[in-house]
Amino acid sequence: MLSVHKTVRTPEVDPPSTGGHLVLAVGASEESVMPHNPSGLPAESQEFASVA
C-alpha cells in the first residue's frame, strides 16, 4: 500500500504537500513503482503506470 497525493496522476508535477489516498503497489523496479490507482486517468495513470 502506498499513500499518494493526487498529483500521482501527473508524475512530472511535484506534490505541493503530503497526504492523499491509498493505492496498491502492483510492481516495482530499481527506478519506479507501479501503482493500481482506481482514481487515476484511464490508459494513462490508472493501472500499471510507472512512477519514479
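## A bridge between two strands

Gly27 has a bridge partner in strand 3: Met34. This pairing comes from a predicted model. Strand 2 covers residues 21-28. Four bridges join strand 2 to strand 3. The two strands run antiparallel.

Three strands form an open sheet in the order 1-2-3. The pairing is antiparallel. Strand 1 (2-4) and strand 3 (33-36) stand at the edges. Each of these two has a single partner strand, so one side of each is left without a neighbour in the sheet. From one strand to the next, the twist averages 55 degrees.

## The whole protein

What elements does the protein have? There are three strands and zero helices. Read from the N terminus, the elements run β-β-β. The radius of gyration is 10 Å, close to the 10 Å that the globule rule gives for 52 residues, so the protein is as compact as a globular protein of that length.

Along the principal axes, the C-alpha atoms fill a box of roughly 25 × 25 × 20 Å. The accessible surface comes to about 3,700 Å². Carbon and sulfur atoms hold 57% of that surface. Of the 52 residues, 25% are buried. Contacts can also be sorted by separation along the chain. Among those with a separation of 6 or more, 13% join residues 24 or more positions apart.

## Asn37

Asn37 is found in the segment after strand 3. Is Asn37 buried or exposed? Its relative accessibility is 2%, and buried means under 20%, so Asn37 counts as buried.

The side chain of Asn37 makes a polar contact with the side chain of His21, at 3.0 Å. His21 belongs to strand 2, which spans residues 21-28. Leave aside the neighbours of Asn37 within four places in sequence. Asn37 is then in contact with Val8, His21, Val23, Ser45 and Gln46.

## Ala49

Ala49 also lies in the segment after strand 3. Its relative accessible area is 11%, under the 20% limit, so Ala49 is buried.

Which residues does Ala49 touch, not counting those up to four places away in sequence? They are Val33, Met34, Pro35 and Glu44. Met34 is the bridge partner of Gly27. Pro16 gives another reference point. Ala49 and Pro16 are 33 residues apart along the chain, and their C-alpha atoms are separated by 21 Å.

Key:
Residues are numbered from 1 along each chain as its sequence is written. This is a predicted model: local features need pLDDT of at least 70, side-chain atom pairs count only at pLDDT 80 or more; totals for chains, interfaces and linings use all residues. Side-chain values use heavy atoms; hydrogens and water are left out. Two strands pair if DSSP finds at least two bridges between them. Axes are lines fitted to C-alpha atoms, for helices over the stretch in contact, and angles run from 0 to 180 degrees between N-to-C directions. Buried means under 20% relative accessible area, exposed over 50%, partly exposed in between (1.4 Å probe, protein chains only). A polar contact is a pair of N or O atoms within 3.5 Å; within protein, one must be able to donate a hydrogen and the other to accept it, and residues adjacent in sequence count only if both atoms are side-chain atoms. Contact means heavy atoms within 4.5 Å. The radius of gyration is taken over C-alpha atoms; the globule rule is 2.2 Å times the number of residues to the power 0.38. Accessible areas come from the Shrake-Rupley method with a 1.4 Å probe; for residues, only the protein chains shown count as cover.
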